[in-house]
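Okay, thanks for coming, everyone. Let me put the model up and then walk through a few spots in it.

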Amino acid sequence: MITVIGLGVKAGDLTKEGEAAILKTAETGGKIFVRTAKTPSYESVKALGVAHETLDYIYEKSRSFATLNKNLCRAVRGGGENVAYLVDGAASEDNSVKAILRAAGKKNVRVIGGVSKIAAIASAANFAGCSYQAVSACEICDVLRDEGLSAPLITYDIDGADMAADVKQALSERFGEETEILFIRLNGAGGCSDGCSGGAGGAPVVKKIKIFELDRQKSYDCGCAAAVEKIALLDKKRFTMNDVLTILRRLRDPVSGCPWDKAQTSESIRMNVIEEAYELLDAINLKDDDKIREEAGDLLMQAAFHSVLKEEAGAFDFTDVATELCEKLITRHTHVFGKDKAIDAESALSVWDKNKMIEKSQDTFAKAVNDVPKCFPALLQAQKVAKRVERGGWDKPTFEGAKAALEEELAELKIASENEKAGRGSKDDVAGELGDALFCLATMARAVGADAEEALLDTVRKVQRRYTEYENLVLADGKDVNALSKAERDNYYALAKEAERGKRGDGEA
């Protein structure tokens, strides 16, 4: 049996139960390990006068905190069946204890708690009586990535400059490096620079610093911590999705909100989604990271706004939106989170489509074909439909096949146009044949692996640029664009194309 005992924060914190367990281990010939002798609580062990081994040497040979906890676990478990493992603070707060519980199993480990290090830090930071988040320094980067950090926040076990640098980076990413925090040293005033308060009689030392100063303190030990106090909305340097929702709810407040925001409905702002999506697309095409960041935020705000509106109506809230999204990402990526296999992008997409059809109860391909949103631009709808009918048994398009179909439809379009002019047909017939030809072009796009919508948009922008250059050249020569001969138009267009291509620095035709 491994008995884990919390020594508390300072000398005298060891409980009677913990003391009895240590003495019993010594009397029965067991091994006693102390995680570190570099804390005031170690004095309680020395006072008992029992034989023991400190494990500070393991810190020096461990490359990271992940390996440190593994090495501490290995050392403790290697002590035999009668072992006492003494850690500062409360045993449940120690990461090496968590590693031991995982490796040995809860049935084989007895845990005797102690005075909480976290509680002592919270008291020093005046967090007592309010809810706060607490995370060890060695876990803060994982928590920032996987769960997020929120204030009030305590980060404990900052026992070295390297660890302080890691904590500084994590806190800076979340709160901004200029945000003020409390640097707390539980083990008295030793090594603290000017500006500290406390420290008398071994009391915790507290100093207000900015996050960027966290790794610039004189010394560190396992009693050092950083505390981020609750930050008012208008004082924040960095924000989260929760802040977006908070601001939108404030804007919608019936009494103190914004008159415009209060007047909106999902219907009144629906077109904003399309506008913001196209602005994001434009930023991506420009390869402008600053604009991409801004426009991605604007698009995110639209999703949040609609969520808040539906929250007010009692339909759903943003958590429901995020839940459905995450469930969808998991259930459709069964090649990542399940048993399906995907060796390349095409097979991954096939798995996605299969799972999507199951999720949407699309037991026929016709249901998938008819599920293409009607608000999509026509060319985009054509691409989507062409893609889905292909999955439903139609031939995969080839260039030659798409070319032959296009030529056939163009011939039929020519006949329909001639018949309409001769009074033997209608404009609807012409439009129908033109639609067939355009659909063939969408199929051609799939055959050559291009996006028809993007390709057409690129060409529209190219025509705009070239015509602007063309007109500038004509006007520079004092001529009227509507009074040119065909030869002049061709000459100016050739010059415009060459000039425009030179400005872009590419070989675009």
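**A buried glutamate and the helix beside it**

So, at 15% relative accessibility, Glu276 counts as buried; buried here means under 20% relative accessible area, exposed is over 50%, and partly exposed is in between, with a 1.4 Å probe and protein chains only. Quick housekeeping: this is a predicted model, where local features need pLDDT of at least 70, side-chain atom pairs count only at pLDDT 80 or more, and totals for chains, interfaces and linings use all residues. Residues are numbered from 1 along each chain as its sequence is written, and side-chain values use heavy atoms, with hydrogens and water left out.

Back to Glu276, which sits in helix α11, residues 270–286. Helices are DSSP runs of H or I with at least four residues, strands are E runs of at least two, and both are numbered from the N terminus. What does Glu276 touch, not counting residues up to four places away in sequence? That would be Glu295, Asp298, Leu299 and Gln302, where contact means heavy atoms within 4.5 Å. Also, its C-alpha is 8.2 Å from that of Ala296, 20 residues apart along the chain.

Now helix α12, residues 289–313: 25 residues, and 36 Å from the first C-alpha to the last, close to the 36 Å expected at 1.5 Å a residue. That expected span is 1.5 Å times one less than the number of residues. Among the buried residues of α12 are Glu295, Gln302 and Phe305, and the cover over its buried residues includes α9, α10, α11 and α13. Just after α12, Gly314 takes a positive phi of about 80°.

On to salt bridges, meaning a side-chain nitrogen of Lys or Arg within 4 Å of a carboxyl oxygen of Asp or Glu. How many does a search of the whole structure find? It comes back with 25. Inside α12, Arg293 pairs with Asp290 at 3.3 Å, N to O; the two are 3 residues apart, about one turn of the helix. Arg293 is exposed, with a relative accessible area of 57%.

Then there's Arg185 with Asp221, closest N and O atoms 3.6 Å apart. Arg185 lies in strand β8 and Asp221 in the loop between β10 and β11, so the pair ties together parts that are 36 residues apart in sequence. Are these two buried or exposed? Both Arg185 and Asp221 are buried.
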